Amino acid sequence: MSDLIRFKFYETALEANRDKQILAENGINSFIANEQLIQSDWLLSQAVGGIQLQVFEEDVEKAQQILQDYKDNEQYALEVEHTIQDPEFDFVCPKCGSNHIYRDDSATSFFGISFLTSHKFKCYYCGNEFSHDQ
């Protein structure tokens, strides 16, 4: 059995627990050190090295890859709740071909109230902003 090593350091317990959960979902055992201590007195954070996520030595490379993959995928996560689901919309993003787009009403709204119908759209997948005249 190999030793636990300090794998990653965090300022908040929320970030550490998120990564711990991601690793657990992928079969990697990890442990959080100093979480309770720092939550009770955050001034001790620098003295003890912050909140630490620890993994077994043999899992370091796999854990790094899992968290990097998660970070890369998070960047392109689709925001389905804002995706236009109108079947009359038969167009896609001209840059990437994705149909995960939404109407950008920010340019035509005032204090959250839309006065005009916007023809500006944004693709959730690649971030491309484009116009579409109907």
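A residue counts as buried when its relative accessible area is under 20%, as exposed when over 50%, and as partly exposed in between, with a 1.4 Å probe and protein chains only. On that scale, buried residues make up 30% of the 134 residues in the protein chain. The model is predicted, so that local features need pLDDT of at least 70 and side-chain atom pairs count only at pLDDT 80 or more, while totals for chains, interfaces and linings use all residues. Residues are numbered from 1 along each chain as its sequence is written, and side-chain values use heavy atoms, with hydrogens and water left out.

The chain holds 4 helices and 8 strands, where helices (H or I, at least four residues) and strands (E, at least two) are DSSP runs numbered from the N terminus; their order is β-α-β-α-α-β-α-β-β-β-β-β.

Ser30, which belongs to strand 2 (residues 30–33), is buried at a relative accessible area of 4%. Leaving aside residues up to four places away in sequence, Ser30 touches Lys20, Leu23, Leu53, Gln54 and Val55, a contact being heavy atoms within 4.5 Å.

Rings of Phe, Tyr and Trp (its six-membered ring) pair if their centres lie within 6.5 Å, and planes under 30 degrees apart count as stacked, over 60 as edge-to-face and the rest as tilted. The count comes to 2 aromatic pairs.

| Pair | Centre to centre | Angle between planes | Class |
|---|---|---|---|
| Phe31 and Phe56 | 6.0 Å | 90° | edge-to-face |
| Phe121 and Phe130 | 6.1 Å | 25° | stacked |

Because Phe31 lies in strand 2 and Phe56 in strand 3 (residues 51–56), their pair ties together parts that are 25 residues apart in sequence. Phe31 is partly exposed at 36% relative accessibility, whereas Phe56 is buried at 14%.
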